[in-house]
Amino acid sequence: MNVLVTGGAGFIGSHLVDALLARGDAVRVLDNFSTGTRTNLAHCAAQIELVEGDVRDLATVERAAQGCHAVLHEAAIVSVAESFMRPEETRDVNAGGAANVLHAAREAGARRVVIASSCAVYGDARALPLGESAPPAPLSPYAETKLAAEDQCRAACAAKGLDTVALRYFNVFGPRQDPSSEYSGVIARFMQAAIAGRGCTVYGDGRQSRDFVFVSDVVRANLLALDAAALGGVAINVGTGTRTSLLHIIHRLGNLVGKEIAAAFAAARVGDIRHSQADIARARKLLGYEPAVAFGDGLAVTLEWYRQQPKARGRG
Ligand code: UD2
């Protein structure tokens with residue numbers, strides 16, 4: 001099958017590219033390298049077709065979608081903090097980009113579009129685990145634009161032959177996650193600190209928890225979504241159904257590096273949610289998805305990857 005991966009040079013996108021190539025699909029990547037990197041695709045550059053461009057440009061997206069049977073749409077502004085600083089651009093890229101991708105996929109006669117959504121659409125929900133029927137309550141421009149993309153996704157199913165699905169990722173971690181920003185994922189930040197022999201900065205008391213899902217499980221959910229029978233624009237949680245606290249991560253990381261890691265406590269971040277945990281019943285039912293990587297195993301693989309990176313990645 002010919003598959004277009006938008007944002008294919010990014011953290012999750014590049015893992016999707018690897019998995020598609022491994023199963024024999026022909027892969028085209030659309031990326032503007034704003035946050036994705038050529039390094040993420042260096043090992044497979046000869047096996048893919050690369051369209052360098054922006055999802056905001058319809059003509060570029062149409063060119064990229066030509067001849068594709070399916071699209072995995074990962075390209076987005078993924079930082080909640082950045083979305084507050086640049087709300088219009090976030091809307092253009094995340095909601096406008098999704099509209100372009102859906103339009104281009106339909107024009108190209110694609111059969112399935114899988115878009116990356118986020119647990120951010122739930123806001124600070126009280127009842128856990130979070131099922132998809134919980135009312136959306138976006139608290140950031142990022143979450144609003146992901147919800148808008150989900151709506152478009154549902155609407156696009158009315159188009160003849162095109163079926164869509166939105167995967168609501170929980171806290172994804174793994175190799176290639178960029179640790180360099182203050183707002184990078186907490187596991188990437190903690191790994192970078194542990195490798196540099198520094199303590200971890202913990203915002204709040206460290207007892208807050210998240211549903212941390214290893215990137216290969218997210219990849220598998222995407223492949224299952226590509227191959228599933230008609231999904232009708234539904235939203236599906238992708239997590240593990242469990243949650244882990246920050247203090248537990250620091251403890252596990254200390255065991256992996258063989259020495260206790262110091263935690264420096266700082267004020268909790270404004271707008272931080274306390275706990276998050278996915279209900280994955282729908283993913284099990286509609287996709288046959290089951291998380292396969294135990295948290296500790298994912299942590300060990302990720303730590304090994306950060307250790308192998310050149311020094312520049314280990315600083316920050
Ligand atoms: C995640 C997503 C975000 C959005 C949101 C929805 C990531 C990277 N971000 O944000 O895109 O979908 O969920 O709820 O997956 N923390 C520290 N020290 C650090 C960094 C973070 O204590 O150096 C804390 C942070 O304050 C928070 C927790 O760790 O309590 C997780 O932070 P995060 O940025 O990894 O992810 P989150 O859940 O805020």
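How far does a polar side-chain atom of S118 lie from an oxygen atom of the ligand? The distance is 2.8 Å. The views below show a predicted model.

View 1. On its own, the ligand has 730 Å² of accessible area, and the protein covers 86% of it.

**View 2. A shell of 21 residues surrounds the ligand.** The closest are S118, V186, T201, R210 and D272. By class, 11 shell residues are nonpolar, six are polar and four are charged. Helix α6 (186-195) and strand β8 (200-203) each supply at least two of the shell residues. Both domains take part: domain 1 (2-172 + 212-238) and domain 2 (175-210 + 242-276 + 294-312) each give at least three residues.

**View 3. Seven strands form an open sheet with parallel pairing.** The strand order is β3-β2-β1-β4-β5-β6-β11. β3 (49-52) and β11 (235-238) are the edge strands; each has a single partner, so one side of each lacks a neighbour in the sheet. Neighbouring strands are turned by 20° against each other on average, ignoring direction.

**View 4. Strands β1 and β2 run parallel.** Five bridges join β1 (residues 2-6) to β2 (residues 26-31). Which residue of β2 does T6 stand opposite? T6 faces L30.

Terms used: Residues are numbered from 1 along each chain as its sequence is written. This is a predicted model: local features need pLDDT of at least 70, side-chain atom pairs count only at pLDDT 80 or more; totals for chains, interfaces and linings use all residues. Side-chain values use heavy atoms; hydrogens and water are left out. A residue is near a molecule or strand if one of its heavy atoms lies within 4 Å of it. A polar contact is a pair of N or O atoms within 3.5 Å; within protein, one must be able to donate a hydrogen and the other to accept it, and residues adjacent in sequence count only if both atoms are side-chain atoms. Accessible areas come from the Shrake-Rupley method with a 1.4 Å probe; for residues, only the protein chains shown count as cover. Helices (H or I, at least four residues) and strands (E, at least two) are DSSP runs, numbered from the N terminus. Ala, Val, Leu, Ile, Met, Phe, Trp, Tyr, Cys and Pro count as nonpolar, Asp, Glu, Lys and Arg as charged, and the others, Gly among them, as polar. Domain bounds come from an automatic or database domain assignment. Two strands pair if DSSP finds at least two bridges between them. Axes are lines fitted to C-alpha atoms, for helices over the stretch in contact, and angles run from 0 to 180 degrees between N-to-C directions.
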